[in-house]
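Here are my notes for you to read with the structure open beside them. Take the points one at a time and find each piece on screen before moving on.

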Amino acid sequence: MELQVEAKIGMSRKWDAREAGREVAETAIKDLTCPPDFFLLFATIHYEKYGGFQEFLNGIWDVLPEETPLVGGTVTGFINNYGCFSRGASGLAVSSPSIDVAVGVGKNTKRNPHRAARQCAEMIQNNLKRSPYKNKFLLNFISGPVMPSIPGVGQKKYIRSGFVSKFAIKALGLSQALVQKGLGREDEIFEATVQQLPDYKMILGTSMDDHRGMKNYQFFNDKILTNAVVNLGIATDLDLDVLTTHGMKETDLHFTITKLGAQNHAICKINHQPAVPELLRLLDWPEGFLTEETMMHTILYYPISLRRNGRAVPVVMPLIMKDSIFVPCIIDDGEVSILTVSGKDLVNAVKENLHFFEGIQPEFGLFSACMTILQTLGDKTNIVQEELCKYFKDKSFLLFYSAGEGTYSPTKDITYANMSFNTAVFGHKTR
Amino acid sequence: MKDDPIAEVLDDLMRLDDILACMVARRNMISVMPSSEGFKPEVNQIWDNIHRAMDDVFGVIGAYSQIGLGEMEFRLQDYEVLFYVFPDTENALVAIVPALANKGLLEVELENARREILRIMEGPKKESTPKNNTEQVLTASG
C-alpha cells in the first residue's frame with residue numbers, strides 16, 4: 001500500500017482542561033495509520049479557569065505518541081472543518097512519508113525579540129539542514145501583546161490625561177523590559193526570522209486570549225510558556241505556497257506622519273499637529289468621541305496603511321495615550337492612508353486568497369487571521385468557514401485568530417498586517 | 001429539566017463570562033432555561049423591564065420569522081438582548097449580555113448553540129445527540 005499524506009483535525013468542546021486535551025488528541029490521531037509527524041494545537045483561554053493549561057497539555061500527552069513535535073498556544077478562536085468556535089480547542093495532526101519536521105523555541109520575546117528569534121530559528125535550521133526535501137515551511141507563532149497595568153490607571157486602551165500618558169509611555173518601556181507586558185513585537189521577530197531562514201515560506205501568527213489582551217500562553221512539546229516564540233519547521237516534497245489578503249480599501253483620507261515616538265511605535269504628530277485631535281478632525285469625529293468604551297467599536301474599524309522599509313503595512317490603532325496613537329509594529333514616517341473595510345470585503349478577501357491556490361490540489365491548510373475579523377463578522381464567520389470547506393472539501397484545514405499576522409515567501413517578501421487572512425496550503429500542483 | 005439536552009446547551013453558554021442569561025423563549029413563554037445555576041445575579045435588577053421588552057420583540061419575530069427574520073437585538077440601559085430566531089417559528093434563543101461585551105465572539109457561540117438546539121429539535125428521539133459537536137467531530141473525516 002502506498003503511503004499517503006494524512007492530515008486530521010482534532011477538536012474538543014469539553015470544559016475540563018484535561019478531558020479536552022485528551023479529546024483533541026484522540027480525535028486527531030484516531031484515524032491516522034501512522035503516528036503523526038507533528039501536532040499543531042490551539043485552544044481558547046477558557047481552559048485557564050477549568051483546570052489550567054498544564055492539565056490541558058497533560059491530557060494531550062495522555063494520548064499523543066511520545067516525542068511527537070508539538071507547538072501551538074492560546075488563540076481568540078478558530079475555524080476548522082467542523083465550524084467556527086470562540087471556545088474550545090483544536091489540533092492538526094499530520095503524518096506523511098515525505099516530510100521532515102523540527103520545532104524551535106525562543107524566550108523573552110518582549111524583552112529581547114531578536115535573541116528569541118535567533119534561538120528559535122537556529123533550532124529549525126540545525127534540525128532541517130540535512131533534509132533532502134527542498135520545499136520549506138515555517139509557522140512562526142509568537143506571544144501576542146499584553147496590556148500592561150499602569151499604577152493608578154490599570155489596563156486601559158485609552159488614556160486621556162496628558163500627565164498620565166507621559167508617565168504611561170515611560171512605564172510602557174519599563175514594563176516591556178522588566179515584566180514583559182506590552183507590545184508583542186511579533187513584527188521584529190518575524191523580520192529577524194526571515195533574515196535567518198530566507199528560503200522558507202512562512203506564516204506568522206500570535207498567541208492571544210479572548211480579545212482582551214490580558215494574557216496568552218504558548219505550547220512547546222509538554223511545556224507551557226509565556227512571552228515565547230515557537231516555530232514549526234517543515235521540509236517536504238509537497239508543493240506549498242503562502243499568501244496574505246485583507247480586503248481593506250483606501251479612502252480619500254490621507255495624512256502625513258510628521259513625528260514618531262516610543263521607538264517608532266507611536267504616532268505623535270500628523271500634519272504637524274498633535275496626532276489624536278488631527279485624526280478626529282480628519283474622520284469628522286467630535287472631540288471626546290473616543291473613550292475606553294467606544295475604542296472597541298470605532299477606531300478598530302478604521303485601520304491605517306503605514307509604511308515599513310518600503311512595504312505597505314495595514315494596521316489597526318489599538319492604544320491611545322492623550323495625543324499619541326500607538327500601533328502594534330515599528331513604522332516609518334511619511335504619507336498614510338486611512339482604510340476602510342466591510343464584512344463583504346473581508347469575505348471577498350478569503351475568496352481572493354483561495355482563488356490564488358486553485359492550481360494546488362490541497363492535502364491540508366493552515367491559516368492565521370486577525371481576531372478583529374472574528375469580532376467584526378461574529379456569527380457570519382460561518383460564511384468564511386463555508387468558503388474554506390468549498391476549497392478543501394474533505395481535506396483538513398485549521399484557521400486560528402490572532403493579533404498580528406503575516407506571511408513571507410522568497411518571491412513575495414514579507415507581508416505583515418492586521419485585519420488579514422494568511423494562508424499556507426500544502427498539496428500537489430495541478431498546473 | 002435536568003436531562004433536557006437543550007438545557008445543557010444553555011448551561012454551556014452560561015459558563016461564558018459575558019452571557020448573563022440565556023433561554024429558549026417565545027412570546028409570553030420561556031420554554032427552556034439553563035438547568036444548573038440559572039441567570040447571573042446582576043440581571044435580576046433589570047429582569048422585569050427586559051422581560052417586558054422581550055415580549056414586544058417576540059411580537060415582531062412572530063410577524064416576520066416566516067419571511068426570513070433571523071436575528072434581532074435591543075439595548076436596554078447597560079445590557080443588550082440578542083435574539084437568534086429558529087427558522088419559520090416564533091421561538092428564539094435569547095441571550096442577555098453586557099452592552100460593551102465582545103459581542104462578535106459571543107455571537108459565534110450563540111450561533112453554534114442555535115444550530116445545536118435545532119439539531120436536537122429535529123431529532124428528539126436520537127439518544128446519541130452530540131453534546132457540543134463532539135459526535136460530529138468523531139464521525140467526520142477531517
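1. Let's start with chain B of this predicted model. Chain B has an open sheet of 5 strands, and going across it you meet them in the order β2-β1-β5-β4-β3, with antiparallel pairing. At the edges sit β2 (29–32) and β3 (71–76) of chain B, each of which pairs on one side only. If you look along the sheet, neighbouring strands are turned by 35° against each other on average, direction ignored. As background, strands of a sheet pair through backbone hydrogen bonds, either parallel or antiparallel.

2. Strand β1 (residues 21–26) of chain B pairs with strand β5 (residues 92–98) of chain B in the antiparallel sense, over 5 bridges. Which residue of β5(B) stands opposite A25(B)? That would be A92(B).

3. Helix α2 (residues 47–64) of chain B lies across β1, β3, β4 (79–85) and β5 of chain B, and runs at about 150° to β3(B). Helix α3 (residues 103–122) of chain B packs on the sheet too, touching β1, β4 and β5 of chain B. The direction of α3(B) makes about 160° with that of β5(B).

4. Keep α3(B) in view, as it has a helix partner. Two packed helices are described by the angle between their axes and the distance between the axes. Helix α1 (residues 5–14) of chain B packs with α3(B) at an angle of about 170°, and their axes are 10 Å apart. Angles over 145 degrees count as roughly antiparallel, so α1(B) is roughly antiparallel to α3(B). From α1(B), the residues P5(B), I6(B), V9(B) and L13(B) meet E109(B), A113(B), E116(B), I117(B) and I120(B) in α3(B). By class, this contact has 7 nonpolar, no polar and 2 charged residues.

5. Over to chain A, which is divided into domain 1 (6–145 + 182–245 + 344–429) and domain 2 (249–340). The centres of the two domains, taken over C-alpha atoms, are 29 Å apart. Where they meet, 13 residues of domain 1 of chain A are in contact with 12 residues of domain 2 of chain A. On the domain 1 side, α5 (186–196) and β26 of chain A each supply at least two residues, and β26(A) gives the largest share, with 3 residues. That side has 6 nonpolar, 4 polar and 3 charged residues.

6. One pair to find is strand β8 (residues 135–143) of chain A with strand β10 (residues 201–207) of chain A, which run in the parallel sense over 7 bridges. In that pair, L139(A) has I203(A) in β10(A) as its bridge partner.

7. Helix α8 (residues 343–356) of chain A and α10(A) pack at an angle of about 15°, with their axes 10 Å apart. Angles under 35 degrees count as roughly parallel, so α8(A) is roughly parallel to α10(A). The crossing of α8(A) past α10(A) is right-handed. V347(A), V350(A), K351(A) and L354(A) of α8(A) make the contact with I383(A), V384(A), E387(A) and Y391(A) of α10(A). Its residues divide into 6 nonpolar, no polar and 2 charged.

8. Last stop: where the chains touch. How many residues does each chain bring to the contact? Chain A brings 29 residues and chain B brings 22 residues. On chain A's side, β1 (6–12), β5 (83–85), α9 (371–377) and α10 (381–392) of chain A each supply at least two residues. The most comes from α9(A), with 4 residues. By class, chain A's side has 8 nonpolar, 13 polar and 8 charged residues.

Note on methods: Residues are numbered from 1 along each chain as its sequence is written. Chains are lettered from A and ligands numbered from 1 in the order in which they are written. This is a predicted model: local features need pLDDT of at least 70, side-chain atom pairs count only at pLDDT 80 or more; totals for chains, interfaces and linings use all residues. Two strands pair if DSSP finds at least two bridges between them. Domain bounds come from an automatic or database domain assignment. Two residues are in contact if their C-beta atoms, placed from the backbone, lie within 7 Å. Ala, Val, Leu, Ile, Met, Phe, Trp, Tyr, Cys and Pro count as nonpolar, Asp, Glu, Lys and Arg as charged, and the others, Gly among them, as polar. Axes are lines fitted to C-alpha atoms, for helices over the stretch in contact, and angles run from 0 to 180 degrees between N-to-C directions. Angles under 35 degrees count as roughly parallel, over 145 as roughly antiparallel, 65 to 115 as roughly perpendicular and the rest as oblique. A crossing is left-handed if the near helix is turned anticlockwise from the far one by less than a right angle, and right-handed if clockwise.
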